[in-house]
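Please keep the sequence and the 3D view open while reading.

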Amino acid sequence: MLRSLLFVPGNSPAMLLNADIHRADGIILDLEDAVAPDQKDAARILVRNAVRTLQYAVQALIIRINPLDTAFCREDLETIVPLRPAFIMPTKVAGEGDIRALDQMLREIERKNGVEEGVTRLLALIETACGIENAYAIARAPRVRALMLGAEDYTADLRAIRSRESGEIAYARSRIVNAARAAGIDAFDTPFTDVNDVDGLLNDAQAARALGFSGKAAISPRHIAGINAAFSPTAAEVRYARQVLDVIEEAQRLGRGAVSLRGKMIDKPIVERARQTLQMAHALNMEVDEL
Amino acid sequence: MTKLKSTLRSALEAAGLTSGMTVSFHHHLRNGDHVLNMVLDEAAAMGIKNLTLQASSIFPVHAPLIGHIQSGVVTGIETAYMSGPVADAISHALLARPVVFRSHGGRAQAIASGRVHIDIAFIAAPCADCAGNLNGLYGPAACGSLGYAFTDARYADCVVAITDHLVPYPAAPASIDETQVDYVVQVPCIGDPGGIVSGTTSVTRDPVGLRIAEYAAQVMASSGLLQEGFSFQTGAGGASLAVTEYLKPLLRARGITAGFGMGGITGAMVDMLENGYVRSLLDVQCFDLRAVASIRDNPAHQEIPALRYAAPIARGSAVDQLSCVVLGATEIDVDFNVNVHTDSSGVILGGSGGHSDTAAGAQLTMIVAPLMRARLPIVVDRVGCISTPGSTVDVLVTQRGIAVHPARRELRDALVAAHLPVYDIHALRDMARRITGTPAVLPHGHRVVGVVEYRDGSLLDQIFALDE
């Protein structure tokens, strides 16, 4: 379960060394925005060596590469594909065409490196107005297993004003979640950019979870605890889910059709949601029976 | 008879300063202190030689001491801590006699027992009256507690108070009173308040330091000690200070109030006092100006002498009442011995301060440190200098795991039960070495430049000159 994905600059040895101690479910080693153009090659080598040496204790290792239209992109892929990260994150993905071009390149590189063809998976970062409009096509493109919204570039592209309440990205968020769910893949929310505003982060993460996002990116380790909390089921939710399944079992045993709990009809979507909640609780080692 | 002298020279003459004496200084003005330098400059001008300096700590601001050592004005140093140019110079064998390092409690006890004799104690006094009633609470160089100066004032043959803030008799409160003071001299400035605040006293924002601090608080929570009346001390390092931030929600969640917080007191500790997390503070030195204001205004924030703070005496001292102390380390070895005297190159950069005292007294002694510093593992096979014996250390907390002293099996079991990442200390060493490789052992010179006395006066270790 990937609730939190922590961005880590690819050119910082100290941060790379400790990238996996912050309880983020996944880490995104960044070769793109965090790294100045004259440090791209150094960062690439550093990230490669870090991944080989440190054996990061995280559920998902993700590496963000430079945009397709830069010369760095191919070099990034040549270095990174053999490392077999869980995902490669292409940036500013505007449409299916970008993914197809990337797929071609990956195919060649996989072949050259003796990596099984098609095995490299993508987490597409969508951060343009065009990308948002094409979200579903991107979600269905080859290799794409998740989408992420990048709100800073996106709102700049929109010429919108970025706010703490994030009303300006409501459309993009909903569209990304809908596209990802329609394609049967995960959706990750944009990072909250005020490192010191822990309350703001918590509200933002809860709003993202409510919209249906699977998890959220972070640019600071100090945001991880809040994100993990927001994307984990609460004890009350788990307790309710348990009750729903108990009531359903009981009804089946007694051969009853319709059942209710706390005065509410328990129908199929509620049961399905309860199952999802309990699956999450188990994945997080929450002690379901004791709750 | 008036105790008030018009010049420093006349005070030194009245006090009978002669060559070969032992003179003492306290370090509450920290890196802002002007008093040690001005007294030694004056002594040098008087042609005095061969002084032994009994200073509770020496800071970078005391760099002029090097010249006084070279010219023979100072030929011996006994202290609890030294950093900066003097420490570097000592490591390069500047002084013929080894520096004697004691802990704060050990120093106070050595003076109180008469094993160390002080001829003249010079007390930097932020506030004084003409009769020698002194406190650290008022004046331009207010430093708060005068904890380390109490023992010197009480046991020295002669006591000279040096102040830049002379108030009408009686100065109140009298932390050190007129019955102990022989002379008072007014000078333009005893210190720079900006230097009282140390750069290491702000809570860290470094995520690695915060991770360590969170683990440290969880260790406290799982140790069984976090009950009503729990008492604690944290060092002045950023990670130690962050521990108090994580401690607050734990205290709140359990509905308990800590009995006392002790040590060098910081604004973070004052926050805990003012917000009801802790009932009182025992303060041997103030680490920042917030603490200075608090000790002046809040009766629950008490000034305590070094002897009461940390001395290894049969009647006991406050360290013996500590539930938990959080301390730093430059390195720690697989037997849990801790070095806070020298860095990885063998250069002196600190000293025990209250490290070994609190470690000996507290029920739970926790060392917090990153697994690696720069390219060096924090856990080594043998520390360069034993500052605090491993037998008094219970836990090492790093960002990647926690090691428990093998003698504390029940603690280890409790931490494992709390799902904390507990490892054998050798495993933590190896974890770092997988990344750094195994560092070569650095050869040292043959000359002994420092001896480390344990708090009971026994010899704990020696510090050697660098291999030149």
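Predicted model: local features only at pLDDT ≥ 70, side-chain atom pairs only at ≥ 80, totals over all residues.

The side chain of A:Asn228 reaches the backbone oxygen of A:Arg23, the separation being 2.9 Å.

**Two residues of chain A**

- A:Asn228 belongs to helix H10 of chain A, which covers residues 224-230, and this residue counts as buried because its relative accessibility is 9%, where the cut-off for buried is under 20%.
- Leaving aside residues up to four places away in sequence, A:Asn228 touches A:Arg3, A:Ser4, A:Arg23 and A:Asp25.
- A:His22 sits in the loop that lies between helix H1 (13-17) and strand E2 (26-30) of chain A, and A:His22 also counts as buried, since its relative accessibility is 11%.
- A polar atom of the A:His22 side chain lies 3.1 Å from the backbone oxygen of A:Asn18.
- When residues up to four places away in sequence are not counted, A:His22 touches A:Leu6, A:Pro221 and A:Ile224 as well as B:Pro207, B:Val208 and B:Arg211.

**The 10-strand sheet of chain B**

- Strands of a sheet pair through backbone hydrogen bonds, and they do so either parallel or antiparallel.
- In chain B, 10 strands form an open sheet with mixed pairing, in the order E1-E10-E9-E6-E2-E3-E4-E5-E25-E26, and its edge strands are E1 and E26 (459-466), each of which pairs on one side only.
- Strand E1 (residues 4-5) of chain B runs parallel to strand E10 (residues 183-186) of chain B and is joined to it by two bridges, with B:Lys5 standing opposite B:Val185 in E10(B).
- Strand E9 (residues 158-163) of chain B pairs with E10(B) in the parallel sense over four bridges, and here B:Val160 stands opposite B:Tyr183.
- Strand E6 (residues 120-125) of chain B is joined to E9(B) by six bridges, and the two run parallel; the bridge partner of B:Phe122 in E9(B) is B:Val160.
- Helix H2 (residues 35-45) of chain B packs on this sheet, where it touches E2, E3, E4, E6 and E9 of chain B, and its direction makes about 170° with that of E3(B).

**The nine-strand sheet of chain B**

- Nine strands of chain B form an open sheet with mixed pairing, in the order E14-E13-E12-E11-E15-E18-E22-E23-E24.
- Strands E14 (301-303) and E24 (422-423) of chain B stand at the edges, and because each has a single partner strand, one side of each is left without a neighbour in the sheet.
- Strand E22 (residues 395-397) and strand E23 (residues 402-404) of chain B run antiparallel and are joined by three bridges, with B:Val395 standing opposite B:Val404 in E23(B).
- Helix H14 (residues 409-417) of chain B packs on the sheet and touches E18, E22, E23 and E24 of chain B, its direction making about 150° with that of E23(B).
- H10(B) lies across E11, E12, E13 and E14 of chain B, and it runs at about 155° to E13(B).

**Two packed helices of chain B**

- Helix H10 (residues 267-274) and helix H11 (residues 289-297) of chain B pack with their axes 8 Å apart and at an angle of about 40°, and they are therefore oblique to each other.
- Residues of H10(B) that make the contact include B:Val270 and B:Leu273, while those of H11(B) include B:Arg290 and B:Ala291.
- Sorted by class, this contact has three nonpolar, two polar and three charged residues.

How values were computed: Residues numbered from 1 in each chain as written. Chains lettered and ligands numbered in written order. Heavy atoms only, no water. Buried < 20%, exposed > 50% of the residue type's maximum accessible area, 1.4 Å probe, protein only. Polar contact = N/O pair within 3.5 Å; in protein donor to acceptor, adjacent residues only side chain to side chain. Contact = heavy atoms within 4.5 Å. Axes fitted to C-alpha atoms, helices over the stretch in contact; angles between N-to-C directions. Parallel < 35°, antiparallel > 145°, perpendicular 65-115°, else oblique. Nonpolar A, V, L, I, M, F, W, Y, C, P; charged D, E, K, R; others polar. Pairing = 2+ DSSP bridges.
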